Amino acid sequence: GARGAVFDGRLYFDIAAYVMEKENVFFRDSDGLNVIDGRTDHQGIELQANLEVTDTLTVSGTLSWADHTYAFDRPANGIVSGNQIDTAPEWLSDLRLAWQPTARLSTSLGLEYVGEYFTDEANSAMYDGHTLTNARASYEIRDEVEVFVIVRNLFDIRYADRADYAFGNHRYFPGEPMNATFGVRASLN
C-alpha cells in the first residue's frame, strides 16, 4: 500500500492491494448444511482519496475492487473452482461532496454504490446492485448547540440490503425507503 498528499496537501490518498488464499474454510451452504475443507482465493485493491477543491468545498471517496473465488469443487452445491463467492460484490464505492461555507453551516451530498453480485454458489442467479444518494446538513445555532438533518435514500430507491439464495429460494432483505433524522446536539461542559 501507499499513502500520501500532493498538490500542497490538498489531495490526500491511501491505496492498498491484497492477495489471500484460505484453506480449511468452514461455512454453511445455501441448504443450511455445513461445508468443511473449503478453499477460497481473494485479491483486491482499495483506494481512498480526499480533495480540497476550495477552502469550503471538499470531494472525498472510496473505491474497492475485489475478486473473491472458490478454489475447490463441490458438485452438490454447484461450486466449481473459479466461481465467484456468492454475496460478494466486485465493486463497492462511495463519493461525497461536502460544502462548509461558514464555520457554523456544514452540508454534504453522498452516493453509495454496491455492484452486482451472484446470490448462489453456482453463480446462476444475480443481484444487480444499487446506488443510493444521501444528504446531510448541520447548523451550529450557538457554541456547543447544533441542529442537523440527515436524509438517507434521498430518491427512495428500492434496493436490497442483502440478496442471497437459501433453502431453495431467492431471498431479498429490503433496504430502508427514504427516511430522515432530525436532531439537536448539545455539549455540556
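Predicted model: local features only at pLDDT ≥ 70, side-chain atom pairs only at ≥ 80, totals over all residues.

**Strand pairing.** I started with strand β5 (residues 91–99), which pairs with β6 in the antiparallel sense over eight bridges. For pairing I need at least two bridges found by DSSP between the two strands. Strands here are DSSP E runs of at least two residues, numbered from the N terminus.

Residues are numbered from 1 along each chain as its sequence is written, and side-chain values use heavy atoms, with hydrogens and water left out.

**The whole sheet.** Next I traced the strand order. Nine strands make an open, antiparallel sheet, running β1-β2-β3-β4-β5-β6-β9-β10-β13. At the edges I found β1 (2–6) and β13 (179–186), each of which pairs on one side only. On average, neighbouring strands of this sheet are turned by 15 degrees against each other, direction ignored. The axes for that angle are lines fitted to C-alpha atoms, and angles run from 0 to 180 degrees between N-to-C directions.

**Ser108.** Is Ser108 buried or exposed? I count Ser108 as buried because its relative accessibility is 10%. The cut-offs: buried is under 20% relative accessible area, exposed is over 50%, and partly exposed is in between (1.4 Å probe, protein chains only). Ser108 is placed in strand β6 (residues 105–114). Leaving out residues up to four places away in sequence, I listed its contacts (heavy atoms within 4.5 Å): Ser108 touches Arg96, Leu97, Ala98, Asn134, Ala135 and Arg136.

**Val25.** I then moved to strand β2 (residues 11–28), where Val25 lies. Val25 is buried too, because its relative accessible area is 14%. Beyond four places in sequence, Val25 touches Val35, Ile36, Asp37, Gly38, Arg39 and Thr40.

**Cores.** Which residues make up the largest nonpolar core? I found seven: Val25, Phe27, Val35, Tyr70, Phe72, Ile79 and Ile85. Such a core is a set of buried Ala, Val, Leu, Ile, Met, Phe, Trp, Tyr and Cys residues joined through side-chain atoms within 4.5 Å. Apart from this one lies another core of six residues, including Tyr117, Leu132, Ala160 and Ala163. Back at Phe72, I noted contacts beyond four places in sequence with Phe27, Val35, Gly38, Arg39, Ile79, Val80 and Ser81.

**Rings.** How many aromatic pairs does a search of the whole structure find? I got three. Rings of Phe, Tyr and Trp (its six-membered ring) pair if their centres lie within 6.5 Å; planes under 30 degrees apart are stacked, over 60 edge-to-face, and the rest tilted. Phe27 and Tyr70 form a tilted pair, 6.2 Å centre to centre with 35 degrees between the planes. That pair links distant parts of the chain, with Phe27 in strand β2 and Tyr70 in strand β4 (residues 57–70), 43 residues apart. Tyr70 and Phe72 pair edge-to-face, at 6.0 Å and 80 degrees. I logged Phe27, Tyr70 and Phe72 as one aromatic cluster.

**Charges over rings.** Last, I checked for NZ of Lys or CZ of Arg within 6 Å of a ring centre and within 35 degrees of the ring normal. Arg162 lies over the face of Phe173, 4.2 Å from the ring centre. The charged end of Arg185 sits over the ring of Phe148, at 4.3 Å from its centre.

Terms used: Helix = DSSP H or I, 4+ residues; strand = E, 2+ residues; numbered from the N terminus.
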